[in-house]
Amino acid sequence: MFDIPKDRSRLHKSSWLLFIAVAITCAILIVVIISREAFSSAAIDITAPTSSVKSTSLKISISGYGKFVPITQRGINALSGGHIVEVFKKPGNLVEKGDTILSLNNPKLMRAFETSELALLEEQANQQRVEAESAQELEDQRGKIRLAKVRLALADAELIAHKKLKDNQVISTLDLHKAQVAWEQEDAVLKMELSRYQTLTKTRQAIEDSARYRLEKAIKQKELLASEVEQLNVRASMAGMLTELTDELEIGRHVEEGQAVGMIADLSSYYARINITAADAEYVSLGLMSKVQFKGIEINGKVSRVDPTVNNGSVEIDISFDDELPTAVRPNIDVTAAVDIAEHHDILVVARPAGVIRAHREYPLFVWDQNQAYFQRRNILIGDIADEQMQVLAGLYVGDKILLNVPKHLTHSSQIIMEDIYE
């Protein structure tokens with residue numbers, strides 16, 4: 001009998017697929033074996049990111065951020081209220097003392113000023129009238145005094161004549177007595193006129209003083225209103241840069257009397273106001289040297305103020321400068337600062353691993369054991385931290401190597417071999 005031939009093409013295809021699968025598997029096994037041998041070798045050349053402990057110097061500083069602030073600043077206030085007519089200056093404009101920042105309009109104030117002008121004219125006329133009346137009344141009284149003196153002199157002459165006639169027995173005693181009474185009467189009139197003159201002088205002086213006071217009041221009132229009218233033009237109180245202007249200052253808006261409308265800064269001197277964390281603030285004291293950087297420029301300064309209060313976890317410090325600042329310095333430019341708080345010499349220093357954040361703490365780090373060819377977990381006491389370097393107080397020695405980046409799944413391990421890092 002004839003055998004039915006089998007489909008050899010299908011068998012051939014299956015055998016090839018099996019062969020390819022076996023070859024791939026073998027290749028993977030070879031790679032894994034070679035990798036394990038490479039990672040488990042006791043070679044000193046460690047490919048993982050590590051850092052060696054060395055004895056060196058370390059400068060400790062804390063960093064912060066802030067702005068340049070002019071030492072001299074003055075606010076701009078509207079001393080008179082009114083509606084905005086025109087805004088002449090914008091923030092960033094340079095101004096001279098007396099330059100108009102904005103102008104206001106106040107019809108009610110203008111009417112009051114015009115009324116004060118009329119009131120002043122009225123008081124000036126009243127002052128002239130009072131002075132004229134005083135001069136006339138005093139002159140009239142002086143005339144009465146002169147007349148009384150003449151009459152008294154006449155009575156005195158008659159009295160002298162009557163005394164001679166009486167001595168010569170020409171007239172009687174009664175006639176002499178009448179002459180004496182007439183003299184006394186004229187003398188009393190003169191004294192009365194003199195007294196009236198003194199009283200009139202005081203009275204007219206009081207009237208003149210009252211008129212003068214009213215005139216001075218009218219003058220002051222006009223000057224005050226004139227000053228308020230002038231203050232409708234809000235002017236710069238000093239030369240400098242207009243750094244701030246209230247946002248709602250638009251034409252037609254009303255500005256209240258005394259309202260703050262802006263700020264002018266003197267561009268000749270600055271300090272830096274820096275924010276640092278409250279934790280770092282305890283290490284900062286007055287006089288510490290610091291460096292302020294902006295636009296690639298570094299400026300030396302020193303701490304001149306430390307704010308005693310904490311706001312939102314940060315503390316403000318001021319840094320002053322002794323040297324002349326670059327011309328590029330402007331108000332409110334963002335800056336960064338570093339304050340030197342300590343400097344150590346001949347100490348153990350190593351790069352700061354990930355996870356080491358706070359100074360003067362004990363951290364578990366992985367230290368390379370050359371004999372066993374793995375990283376061993378060890379508690380290390382850390383001192384000060386400066387950027388990416390840290391001081392070692394205990395647990396490490398010169399030449400020791402630590403692992404800088406530990407995979408999360410190995411954080412709690414007691415030891416790490418190289419191949420575990422690259423899994």
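# Helix span, aromatic pairs and salt bridges

Q: In this predicted model, is E137 buried, partly exposed or exposed?
A: The relative accessibility of E137 is 34%. Buried needs under 20% and exposed needs over 50%. E137 falls in between, so the residue counts as partly exposed.

Q: Which residue meets E137 in a salt bridge, and how many residues apart in sequence are the parts that the pair ties together?
A: The side chain of E137 meets that of R204, at 3.6 Å from N to O. R204 lies in helix 3 (residues 173-230) and E137 in helix 2, so the parts tied together by R204 are separated in sequence by 67 residues.

Q: Is R204 buried or exposed?
A: Its relative accessibility is 6%. The cut-off for burial is under 20%. R204 therefore counts as buried.

Q: What distance should helix 2 (residues 107-167) span?
A: Helix 2 has 61 residues, taken at 1.5 Å a residue.

Q: Which residue with a positive phi follows helix 2?
A: The phi in question is near 60 degrees. The residue that follows helix 2 with this value is Q169.

Q: How are the rings of F68 and Y270 arranged?
A: The whole structure holds four aromatic pairs. In the F68 and Y270 pair, the ring centres are 6.3 Å apart and the planes meet at 65 degrees. Planes over 60 degrees apart set the class, so this pair is edge-to-face.

Q: Which residues form one aromatic cluster with F68 and Y270?
A: F68 counts as buried because its relative accessibility is 0%. Y270, at 6%, also counts as buried. The cluster of F68 and Y270 also takes in F294 and F321.

Q: Which residue forms a salt bridge with R305, and in which strand does that residue lie?
A: The closest N and O atoms of R305 and D318 are 2.6 Å apart. R305 lies in strand 13 (residues 297-306), so the pair ties together parts 13 residues apart in sequence. R305 is partly exposed at 27%, while D318 is buried at 6%. The partner is D318, in strand 14.

Q: How far apart are the closest N and O atoms of E388 and R352?
A: E388 is exposed, with a relative accessible area of 53%. R352 is partly exposed, at 25%. Their salt bridge has its closest N and O atoms at a distance of 3.3 Å.

Conventions
Residues are numbered from 1 along each chain as its sequence is written. This is a predicted model: local features need pLDDT of at least 70, side-chain atom pairs count only at pLDDT 80 or more; totals for chains, interfaces and linings use all residues. Side-chain values use heavy atoms; hydrogens and water are left out. Helices (H or I, at least four residues) and strands (E, at least two) are DSSP runs, numbered from the N terminus. The expected span of a helix is 1.5 Å times one less than its number of residues. Rings of Phe, Tyr and Trp (its six-membered ring) pair if their centres lie within 6.5 Å; planes under 30 degrees apart count as stacked, over 60 as edge-to-face and the rest as tilted. Buried means under 20% relative accessible area, exposed over 50%, partly exposed in between (1.4 Å probe, protein chains only). A salt bridge is a side-chain nitrogen of Lys or Arg within 4 Å of a carboxyl oxygen of Asp or Glu.
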